[in-house]
Structure formats: C-alpha cells, structure tokens
Amino acid sequence: MLKKRIIPVQLLLNGRLVKTKGFDSFRDVGDPVASSKVYSSQYADELVFLNISRENRTIESLLSLIERVSEVCFMPLTFGGGIRSLRDAEQLIKNGADKIVLNSVSYEDSQVISQIADKFGSQAVVVSMDARFDLKANRYRLYSQCGTKLEEPSIEDHVRKVIEHGAGEIFINSIDRDGMMTGYDLNLIRQVVGCSSVPVIACGGAGHYEHMKEAFLETKVSALACGSLFNFGDNNPIRAKAFLSNYELQFKKV
C-alpha cells in the first residue's frame, strides 16, 4: 500500500507567509523560513511554497527564498507561482527545488509541462488546479491567475491533458473551502481522483484532524495539503499522523 502524505502549504506574498480565505483576505502569519524550520522538525513529508502575488508573477521571490529554506529543511521542497517556462523550472530545480508547480501556464502552453517532464522527469512536475463550484451550471469550474480568470476546460479534460503532457501529480485546491476550516470538498476530490492516473494532492478546508481522516478514508486521495490547520492552534504534522494512524492509514516512518 502506498504511504499517505501530509503536506504543509506556505503561501507567499511579498516575502511573507500569509493565509487567505477564498483566495482573498490576506493575513500575515509569519516568516516562511522560520516556519519551514519548524515543519522540518515536525517531520512533514514535503513542503509546498506558492507565490500568490497577483502583481509580481515571476519566480524571483521564490529564488530569493529557496536557498534560505534549503539550509533549514531536510525534506522534499516544491515551489510554484509564476513559472512560465522550462528555464524558470531549471533555475528553481538547480537552486534546490525537488518539484515545481504549474498552474496558469498549463492552460496557455501545455508544451511547457512536456519540456520540464522530459528534462527532469514527471515526478518533478505537479500541476495545480483551482476549482470553484458554479451553482448555476451545477458543476465545478477551473480558474487560473490566482483564482481570477475562468478557464474553459472541464476538470476531466484538463486532468487528462496535463497527464498526457507529463504531469506526475495533480494538486487540486478548492477556492470555496480555502481558509474556511470546514472540511475538504470530498465531491471535488472524488471527481479529480476518478479521472486521474497519477497521485492527487487535495487542499482547502482542513480545520481539524477529523477532516483529514474523512478525506483519506472516503476518497482515494494520495496526500492532503494544509495551511490554516497548522498556522492556527496547536496542530502539527506529528500529531496529525499519530491521530490518523489509529485508522489504519500508513505514513512514512520517521
């Protein structure tokens, strides 16, 4: 049985760690390097860093952070936000990233996925998808550009396309549940897992460990990403794994 993973997500805005609600209402929650050091001591399986600046959509802020984080972290590091080309990915991986996250460019130029996967392997390419439920259309819709631009493809079509081009993992984020701490959107997770032949990471909604248990046991998701759960309250990956291990969920031994 493949081991499940718990992945803290660090949202970056102007060099600071922030939390959001519905991809808005930014709240400063600290220094990303200090936070990363804590997560390393708490045996997180991976760390994901996402630049969510809507003005500075380049990798410069990620490059300025990656070296400092690499000095205090001893786990796989994944960086995304503003990656537009193979060269961008090369710079990040050369400087310490184990994986990169692509979002907006996957709609605009899917060949970038292929180029990065061909050079570094599919395991280094995560494609992120931000989804919101459209009540009028009675279906989930995908958005790019930090949740501001509606995209045309259905979830199924986009998942299949990015996998065909070399994506090794899918990162699905619920805009509706972002920062709400009311639980993961299980229907959204099931829909993505149901059409994906690669591992799926789900994000958005974790408020306590019961929410994680529910998502792991009621869907076939491979990993759960958390932000608010670990930013607010006395919660951490060690305690999360201890709780979830009581339900026959297997995690990497530390």
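Contact here means heavy atoms within 4.5 Å of each other. By that rule, and not counting residues up to four places away in sequence, Met212 touches Ile6, Tyr184, Leu224, Cys226, Leu229, Ala240 and Leu244. The model is predicted: local features need pLDDT of at least 70, side-chain atom pairs count only at pLDDT 80 or more, and totals for chains, interfaces and linings use all residues. Residues are numbered from 1 along each chain as its sequence is written, and side-chain values use heavy atoms, with hydrogens and water left out.

**Nonpolar cores**

- A nonpolar core is a set of buried Ala, Val, Leu, Ile, Met, Phe, Trp, Tyr and Cys residues joined through side-chain atoms within 4.5 Å; buried means under 20% relative accessible area, exposed over 50%, and partly exposed in between (1.4 Å probe, protein chains only).
- The largest such core has 67 residues, and Ile100, Ile170, Tyr184 and Met212 touch the most other members.
- Helix H7 (residues 186-195) supplies the largest share of this core, six residues; helices (H or I, at least four residues) and strands (E, at least two) are DSSP runs, numbered from the N terminus.
- A second, separate core holds 15 residues, among them Ile7, Val18, Ile52 and Ile201.

- Nine of the nine residues of strand S1 (residues 5-13) are buried, so S1 is largely enclosed by the rest of the structure.
- In a regular strand the side chains alternate between the two faces of the sheet.
- Arg5, Ile7, Val9, Leu11 and Leu13 point one way from S1, while Ile6, Pro8, Gln10 and Leu12 point the other way.
- Two strands pair if DSSP finds at least two bridges between them.
- S1 runs parallel to strand S12 (residues 223-226), joined by four bridges, and Pro8 stands opposite Cys226.
- Four bridges also pair S1 with strand S4 (residues 47-51) in the parallel sense; Leu11 has Leu50 as its bridge partner there.
- With S2 the pairing is antiparallel, over three bridges, and Leu12 is partnered by Leu17.
- S1 and S2 form a hairpin with two residues between them, and Asn14 in the turn has a positive phi of about 55°.

- Five of the five residues of S4 are buried, so S4 is largely enclosed by the rest of the structure.
- Leu47, Phe49 and Asn51 point one way from S4, and Val48 and Leu50 the other way.
- S4 and S5 pair in the parallel sense over four bridges, with Leu50 opposite Gly80.

**Thr20**

- Thr20 lies in strand S2 (residues 16-21) and counts as buried, at 5% relative accessibility.
- The side chain of Thr20 makes a polar contact with the side chain of Asp178 (2.6 Å). A polar contact is a pair of N or O atoms within 3.5 Å; within protein, one must be able to donate a hydrogen and the other to accept it, and residues adjacent in sequence count only if both atoms are side-chain atoms.
- Not counting residues up to four places away in sequence, Thr20 touches Leu11, Ser25, Phe26, Ile52, Asp178 and Gly179.

**Glu71**

- Glu71 sits in the loop between helix H2 (60-70) and strand S5 (77-80), and is exposed, with a relative accessible area of 57%.
- Glu71 and Gly207 are 136 residues apart in sequence and 30 Å apart in space, C-alpha to C-alpha.
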